[in-house]
Amino acid sequence: MNQENAVAAAQLDAPARDFSVLLSSTPRGARLARLLAAEQVRSWGLPWEEAAQIVAELAANAATHGRLPGRSFRLALHAVHGTLRIEVTDTRGDRPPVCREPDAEDESGRGLLLVAALADRWGVSEDRFPRKIVWAELAFLSPEPEASCSGGGGGQ
């Protein structure tokens with residue numbers, strides 16, 4: 001286990017942390033979601049790069065495919081018991097996300113592939129009609145005991 005995950009695991013053993021914000025379903029709202037998430041996760045002392053990338057993809061999908069005029073999307077972050085859960089709620093429950101292999105010449109359609117590659121788990125939950133929640137979780141493992149190289153008994 002690297003030092004960054006060991007620190008993150010210690011931070012996540014602390015009481016639960018929550019963050020939630022409502023943002024406009026626009027490209028600008030999606031960019032703001034990524035920036036706010038990165039800063040919030042960083043302020044909790046957790047590794048933020050993967051979380052920011054996941055938020056960027058889920059927020060872009062909410063602003064593009066989950067958009068209804070005049071409706072916003074919600075970004076929520078929950079850090080508890082060694083897991084960071086990212087949730088993006090939009091108002092298009094009738095349009096579940098589809099993870100697919102895009103053609104080589106496609107200019108879009110790879111967002112959920114990135115989420116699947118970066119997250120430990122991800123999925124979709126129904127919310128009160130007409131909303132859906134697309135979520136992803138990043139698990140931070142507890143520190144493993146390091147092998148000791150000092151002491152006697154070595155077979156050299």
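1. The accessible surface of this protein comes to about 9,400 Å², and 50% of that area belongs to carbon and sulfur atoms. Of the 156 residues, 38% count as buried.

2. On the overall layout, the protein has four helices and five strands, which follow the pattern α-β-α-α-β-β-α-β-β when read along the sequence. Among the contacts between residues at least 6 apart in sequence, 65% join residues that are at least 24 apart.

3. Confidence deserves attention before any local detail is discussed. The mean pLDDT of the protein is 82, with 76% of its residues reaching 70 or more. Among the elements, helix 2 has the highest mean pLDDT, 97, whereas helix 1 (residues 3-12) has the lowest, 57. Over residues 142-156 the pLDDT is below 50, and this stretch has six contacts in the model beyond near neighbours in sequence. Where pLDDT is low, the predicted coordinates should not be read in detail.

4. Helix 2 covers residues 27-43, and its geometry can be checked by a simple calculation: at 1.5 Å a residue, its 17 residues should span 24 Å, and since the end C-alpha atoms are 24 Å apart in the model, the two values agree. The buried residues of this helix are G29, A30, A33, A37, A38, Q40 and V41. These buried residues pack against strand 1 (17-24), helix 3 (49-64), strand 2 (72-80) and strand 3 (83-90). Helix 2 is followed by G45, for which phi is positive, near 80°.

5. E39 forms a salt bridge with R42, the closest N and O atoms being 2.7 Å apart, and both residues lie in helix 2, three residues apart, about one turn of the helix. An α-helix has 3.6 residues a turn, so residues three or four places apart point the same way. Both partners fall in the intermediate accessibility class: E39 is partly exposed because its relative accessible area is 43%, and R42 is partly exposed because its relative accessible area is 38%.

6. A contrasting case is the salt bridge in which the side chains of K132 and D90 meet, at 2.8 Å from N to O. This pair links distant parts of the chain, with K132 in strand 5 and D90 in strand 3, 42 residues apart. Both K132 and D90 are buried; for D90 the relative accessible area is 4%, so D90 falls under the 20% cut-off for a buried residue.

7. Besides the polar contact of 2.8 Å that joins the side chains of D90 and K132, the backbone nitrogen of R92 lies 2.9 Å from a polar atom of the D90 side chain. Not counting residues up to four places away in sequence, D90 touches A62, G66, F73, P130, R131 and K132.

8. R92 also takes part in a salt bridge of its own, with D94, where the closest N and O atoms are 2.9 Å apart. Are the two partners, D94 and R92, buried or exposed? D94 counts as exposed because its relative accessibility is 54%, while R92 counts as buried because its relative accessibility is 14%. Elsewhere, R85, E87, R121 and E137 are linked in a network of salt bridges.

9. A136, in strand 5 (residues 132-139), counts as buried because its relative accessibility is 0%. Leaving aside its neighbours within four places in sequence, A136 is in contact with I54, L58, L84, R85, I86, V115, A119, R121 and W122. Two of these contacts, R85 and R121, are also members of the salt-bridge network described above. For W122, the separation from A136 is 14 residues in sequence and 4.0 Å in space, C-alpha to C-alpha.

How values were computed: Residues are numbered from 1 along each chain as its sequence is written. Side-chain values use heavy atoms; hydrogens and water are left out. Helices (H or I, at least four residues) and strands (E, at least two) are DSSP runs, numbered from the N terminus. The expected span of a helix is 1.5 Å times one less than its number of residues. Buried means under 20% relative accessible area, exposed over 50%, partly exposed in between (1.4 Å probe, protein chains only). Contact means heavy atoms within 4.5 Å. Accessible areas come from the Shrake-Rupley method with a 1.4 Å probe; for residues, only the protein chains shown count as cover. A salt bridge is a side-chain nitrogen of Lys or Arg within 4 Å of a carboxyl oxygen of Asp or Glu. A polar contact is a pair of N or O atoms within 3.5 Å; within protein, one must be able to donate a hydrogen and the other to accept it, and residues adjacent in sequence count only if both atoms are side-chain atoms. pLDDT is the predictor's confidence in each residue, from 0 to 100.
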